[in-house]
Amino acid sequence: MSDREDTLEHARETFAEAVSLKVEQLGRFVRGGENPAIVGSFIEELVRGFVREWLGGWELVTGALYSKSSFESGETPMQLDGIVYDPRSGPAIIREGGFAVVNPAFCPAVIEIKKSLARTSMDEFVNRLQNIYRIHMHDRSAHNVMGIVIHDRDPEKTSYRGECGTAGRIMSYEDHWGGKCPVFILFRQKGGTFEPFEPGIDGMMKRIFALREPPGTGYY
């Protein structure tokens, strides 16, 4: 195998094509151009399904993270919709279906998924992720707390985080932007259509699978 081979190329294509085909199927019954919010919600659920599949034996649950240190810190508990929980590592404190309160020691990552940034800003979303990292996941890499945004009207512009000397442009979907939690925008919304944003999809897939490599080194 060539060292230059893009090993995720076809997986990215399959992901984008699968979403497009499902959206086309939805369009037989729901005219997405008249109500893009319905299509956006549908794609969000599709993405959650893919993420659950990619996580392998780990689960994607909603709920809250609890540790003695975070409780005693007086920080306001955060409701999370993307806790990556490894049930093989330890039991949940409270579990009811897809809702769980669990110690972060048993959680490889947090993946917060939002339909769009229509009700918030990229800065606010990144700050939320950084707070999750600061309170609950500070013993791991900041990249283990990530955000996925399903669609945006201008993913390239929204992903731009500034300039950094010789590194040039810093984008939210890259791994090297100052130890910040990454954010991946997956689709460009143009009216009722959703076009794949390849850098965001590529970054998301690499980061999720990087959680599992190399074997035997824990969640770092």
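Predicted model: local features only at pLDDT ≥ 70, side-chain atom pairs only at ≥ 80, totals over all residues.
Colleague: How does the radius of gyration of the chain agree with that of a compact globule?

Modeller: The general idea is to set the value for the chain beside the one a compact globule would have with the chain's number of residues. Here, a compact globule of 220 residues would have a radius of gyration near 17 Å, and the chain has 18 Å, which agrees.

Colleague: What percentage of the residues in the chain is buried?

Modeller: A residue counts as buried when its relative accessible area is under 20%. In this chain, buried residues make up 45% of the 220 residues. Val145, in strand β6 (residues 145–152), is one of them, because its relative accessible area is 0%. Ile185, which is found in strand β9 (residues 183–190), is buried as well, again with a relative accessible area of 0%.

Colleague: How many salt bridges does the structure hold, and which residue forms one with Asp81?

Modeller: A salt bridge is read from the distance between a side-chain nitrogen of Lys or Arg and a carboxyl oxygen of Asp or Glu, which must be within 4 Å. The structure holds 13 salt bridges, and in one of them Asp81 is paired with Arg48, the closest N and O atoms being 3.3 Å apart. Because Asp81 lies in strand β2 (residues 80–85) and Arg48 in helix α2 (residues 36–54), this pair ties together parts that are 33 residues apart in sequence.

Colleague: Are Asp81 and Arg48 buried or partly exposed?

Modeller: Asp81 is partly exposed, with a relative accessible area of 21%, whereas Arg48, at 10% relative accessibility, counts as buried.

Colleague: Which parts does the salt bridge between Glu75 and Arg134 tie together?

Modeller: In that salt bridge the closest N and O atoms are 2.8 Å apart. Glu75 lies in the loop between α3 (68–72) and β2, and Arg134 in helix α4 (residues 122–136), so the pair ties together parts that are 59 residues apart in sequence. Glu75 is partly exposed, with a relative accessible area of 32%, and Arg134 counts as partly exposed at 45% relative accessibility. Helix α4 also holds Asp123, whose side chain meets that of Arg161 in a salt bridge of 2.5 Å, N to O. Arg161 lies in strand β7 (residues 160–163), so this pair ties together parts that are 38 residues apart in sequence. Asp123 is partly exposed, with a relative accessible area of 44%, and so is Arg161, with 26%. Salt bridges can also share partners, as they do where Arg12, Glu198, Asp202 and Lys206 are joined into one network.

Colleague: Turning to the surface, which residues form a negative patch, and which form a nonpolar one?

Modeller: A patch is read by joining residues of one kind that have over 30% relative accessible area and no salt bridge. The negative surface patch is formed by Glu5, Glu9, Glu13 and Glu17. Of these residues, Glu17 lies in helix α1 (residues 9–27) and, at 48% relative accessibility, counts as partly exposed. The nonpolar patch on the surface is formed by Tyr66, Phe71, Ile93 and Ile94, which together have about 420 Å² of accessible area. Tyr66 lies in the loop between β1 (59–65) and α3, and is partly exposed, with a relative accessible area of 34%.

Conventions: Residues numbered from 1 in each chain as written. Heavy atoms only, no water. Patch = residues over 30% accessible without salt bridge, like charges linked within 9 Å, V, L, I, M, F, W, Y side chains within 5 Å. Areas by Shrake-Rupley, 256 points an atom, 1.4 Å probe, with all protein chains shown as cover. Lys, Arg positive; Asp, Glu negative; His and termini not counted. Charge placed at Lys NZ, Arg CZ, Asp CG, Glu CD. Helix = DSSP H or I, 4+ residues; strand = E, 2+ residues; numbered from the N terminus. Buried < 20%, exposed > 50% of the residue type's maximum accessible area, 1.4 Å probe, protein only. Rg over C-alpha atoms; globule rule 2.2 N^0.38 Å.
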